Amino acid sequence: MTTSLMWFRRDLRLGDHPALQAAAAEGQVVPLFVLDPRLAGSGRRWERLLASLAALREETDGALVIRQGDPAEVVAEVAAEAGASQVHVSTETNPYGRRRDAAVERRLAAAGIGLVGTGSPYAVTPGRVRNASGDPYRVFTPFLRAWREHGWRAPAGDPQVEWMTKLESDPLPAHSDQEAGERAALHRWEDFRAEDLAGYATARDRPDLDRTSRLSVALKFGEIHPRTLLADLDAHGTGASGEDVERFVAELAWREFYADVLWHDPGSAWRDLRDGLDGMRYDEDPELLEAWKSGTTGYPFVDAGMRQLLGEGWMHNRVRMVVASFLVKDLHLWWPAGARHFMDHLLDGDMASNSHGWQWAAGTGTDAAPYFRIFNPVTQGLRFDPQGDYVRRWVPELRHLPGAAAHEPWRHREGLAQGYPERVVDHAEERREALDRLAELKESR
Ligand code: FAD
């Protein structure tokens, strides 16, 4: 009987999994996950990965083989032990994954074993959506149109897999118990669809309401595939309006767009995508960076977001935009300093969405959003957290301030009485400074 290897990476599920289907069609399957120390990065995300692997091991009736080490060596070793003629994967499109897979492919080829990629973590594999001249899109709206027109294959359903169970596995390192895995992701999706999709188009911007899907972590690990979500939206009536559904689909498309941009320009993970702001003057200020990271800038909406990141390993999208703008335009620090901190703490930390989310805020990326659009951290807070509930949830030193007062503690007599810090910079002044730097750059050209 033929045996093949299914090497899991960002696809930790069994349902709607074209690569697993391809493996299962060949005969017995050895499911493998390689704990690659290069991906350890954030301790918190690593813990979350381990929880997801525990769930996958259960789903595979204990067959999942876990090995630690360099994938180029480990995959070839396990393939040889299993007597596999093919190794199946979902195609990886991020820069590190592509380099890693090229190395694995070379090693396997030397042993006469093929590496077969089927599907990817996206509804449309990055690189496929192109304009009439065959070029990639650099602007979201035309990408969205073309992405829809391109379409995606129907969901793959649940495969019948015969697992091979005789290979040794390293123990799964100890980790905390937390919601993870395919079943949890499907439940979360079903709950969101039933309860929070209606009204999503407007409520999604309100961190106090917490009405987004929070599926980003499950999508990051591939516990659920975006195509499953898209197909469900087509198949089931939801109580939501067309606008709510459209908006949710567009958010999924942002994830696909950024993956596409990074696929075409892998270097843009850590440097400006566009050269329009080359030569821009940024500061290096460890103290201000630290105040930002620890949520002690004196701007409540910013600090609440930064503390949510440290507390939960997640931050609401509106607040991500505001804290990113604050780092670049108010503190004048270059965006990779902030992007690195996000990657260190986000459970959903994803190179494409993070780097390009940052570049969107910094004005160096895909968006036509010009550098001179600068978020006001106070008015953003008043608008999207009108009663101050989000701020009080994350900033205990402001809990004595009722309603919107929590957004401007300096205007209230007892505002800073519970130890909340003074503002580290003056927004109006720094806004002017940011615009001066832009003018200076333009003059120098
Ligand atoms: P929902 O509103 O329920 O959206 C559904 C899904 O659509 C999300 O799970 C996500 O996969 C996708 N999505 C939504 N908004 C965006 C967006 N702006 N860009 C790309 N995809 C989006 N998202 C990450 O998954 N990983 C990151 O590392 C990341 N870093 C970011 C950094 C910055 C500076 C900014 C501004 C945004 C970043 N985002 C990132 C995008 C977005 O903030 C999160 O995807 C979203 O907050 C996740 O919450 P949710 O699942 O409840 O979103």
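**Reading strands, core and ligand shell**

Visitor: Which residue in β5 is the bridge partner of Q86?

Guide: The bridge partner of Q86 in β5 is G114. Please note that this is a predicted model, in which local features need pLDDT of at least 70, side-chain atom pairs count only at pLDDT 80 or more, and totals for chains, interfaces and linings use all residues. Residues are numbered from 1 along each chain as its sequence is written.

Visitor: How many bridges join β4 and β5?

Guide: Helices (H or I, at least four residues) and strands (E, at least two) are DSSP runs, numbered from the N terminus. Two strands pair if DSSP finds at least two bridges between them. Here β4 (residues 86–89) and β5 (residues 114–117) are parallel and share four bridges.

Visitor: Which strands pair with β1?

Guide: Strand β2 (residues 28–35) runs parallel to β1, with six bridges between them.

Visitor: Why is β1 described as largely enclosed?

Guide: A residue is buried if 20 or more other C-beta atoms lie within 10 Å of its own, exposed if 12 or fewer, and partly exposed in between, with C-beta atoms placed from the backbone. In β1 (residues 3–8), five of the six residues are buried, so the rest of the structure largely encloses this strand.

Visitor: Which residues touch the most other members of the largest nonpolar core?

Guide: In soluble globular proteins, nonpolar side chains tend to be buried together. A nonpolar core is a set of buried Ala, Val, Leu, Ile, Met, Phe, Trp, Tyr and Cys residues joined through C-beta atoms within 7 Å. The largest one here has 106 residues, and L5, M6, V30, L32 and V87 touch the most other members. Helix α10 provides the largest share of this core, nine residues.

Visitor: Is H17 buried or exposed?

Guide: H17 is buried, because 29 other C-beta atoms lie within 10 Å. This residue sits in the loop between β1 and α1. Two residues are in contact if their C-beta atoms, placed from the backbone, lie within 7 Å. Apart from neighbours within four places in sequence, H17 contacts D11, A156 and P159.

Visitor: Where does D210 lie, and what is its phi?

Guide: D210 lies in the loop between α7 (200–203) and α8. Its phi is positive, about 55°, although D210 is not a glycine. D210 is partly exposed, with 13 other C-beta atoms within 10 Å.

Visitor: Which residues come nearest the ligand?

Guide: A residue is near a molecule if its C-beta atom, placed from the backbone, lies within 6 Å of it. Of the 27 residues around the ligand, T212, S213, S216, N354 and G357 come nearest. Helices α8 (216–221), α10 (242–264), α13 (317–330) and α15 (351–362) each contribute at least two residues to the shell. By class, the shell holds eleven nonpolar, eight polar and eight charged residues. For this count, Ala, Val, Leu, Ile, Met, Phe, Trp, Tyr, Cys and Pro are nonpolar, Asp, Glu, Lys and Arg are charged, and the others, Gly among them, are polar.
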